[in-house]
Amino acid sequence: MGRNVFAVDRGVWDHAAFPPEPFTEREAWLWLVGAAAWKACEVRGKYGPVTIQRGQFCFSVRFLGGKFRWDKCRVVRFLKRLGKLDMIRDADRDSKRDSVQIY
């Protein structure tokens, strides 16, 4: 059986048909995939501008907690688990960068 893909409008996260409620882990994963850069770009990081490459994202744990409606500890555990499953990788190259690569 082959794998298939489908396109989803990013507006689904704020659509009026869906009430604001905590994300499932699946929804959080899909949100991260959708939020990853589709081309190299510069974003604002904790210590100033950060250049991220295609497939990377740069968000604080606090921001993700607000987006997913989770507490900080749950976000950290989720990101660690994704890392252990090789679904994301910390792309930190020095102490001033906070980007993560999606796989």
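Trainee: What makes W31 and F68 count as buried or exposed?

Mentor: The term rests on relative accessible area, where buried means under 20%, exposed over 50% and partly exposed in between, with a 1.4 Å probe and protein chains only. W31 is buried, and F68 is buried as well, so each of the two falls under the 20% limit. This is a predicted model, in which local features need pLDDT of at least 70 and side-chain atom pairs count only at pLDDT 80 or more, whereas totals for chains, interfaces and linings use all residues. Residues are numbered from 1 along each chain as its sequence is written, and side-chain values use heavy atoms, with hydrogens and water left out.

Trainee: How many residues of the protein does that burial cover, as a percentage?

Mentor: Of the 103 residues in the protein, 27% are buried.

Trainee: Why are W31 and F68 called an edge-to-face pair?

Mentor: Rings of Phe, Tyr and Trp (for Trp, the six-membered ring) pair if their centres lie within 6.5 Å, and planes under 30 degrees apart count as stacked, over 60 as edge-to-face and the rest as tilted. By this rule the protein has 10 aromatic pairs. In the pair of W31 and F68 the centres are 5.7 Å apart and the planes stand at 80 degrees; the distance is therefore within 6.5 Å and the angle over 60, which makes the pair edge-to-face.

Trainee: What does the pair of W31 and F68 tie together?

Mentor: W31 belongs to helix α1 (residues 25–35) and F68 to helix α2 (residues 61–68), so the contact ties together parts that are 37 residues apart in sequence. Helices (H or I, at least four residues) and strands (E, at least two) are DSSP runs numbered from the N terminus. By that definition the protein has three helices and five strands, which follow one another along the sequence as α-β-β-β-α-α-β-β.

Trainee: Which residues form the aromatic cluster?

Mentor: One cluster is formed by W13, F23, W31, F57, F59, F63, F68, W70 and F78. W13, found in the segment before α1, has 29% relative accessibility and so counts as partly exposed.

Trainee: How do you know that R74 sits over the ring of W70?

Mentor: A charge sits over a ring if NZ of Lys or CZ of Arg is within 6 Å of the ring centre and within 35 degrees of the ring normal. R74 lies over the face of W70 at 4.0 Å from the ring centre, so the distance is within the 6 Å limit.

Trainee: Why is α1 called oblique to α2?

Mentor: Two packed helices are described by the angle and the distance between their axes. Axes are lines fitted to C-alpha atoms, for helices over the stretch in contact, and the angles run from 0 to 180 degrees between N-to-C directions. The axes of α1 and α2 come within 11 Å and cross at roughly 120 degrees. That makes α1 oblique to α2, because angles under 35 degrees count as roughly parallel, over 145 as roughly antiparallel, 65 to 115 as roughly perpendicular and the rest as oblique.

Trainee: What is the handedness of the crossing of α1 and α2?

Mentor: The crossing is right-handed; a crossing is left-handed if the near helix is turned anticlockwise from the far one by less than a right angle, and right-handed if clockwise.

Trainee: How many disulfides are there, and how do you know?

Mentor: A disulfide is a pair of cysteine sulfur atoms within 2.5 Å, and by this rule there are zero. C41 is partly exposed at 30% relative accessible area, whereas C58, at 14%, is buried.
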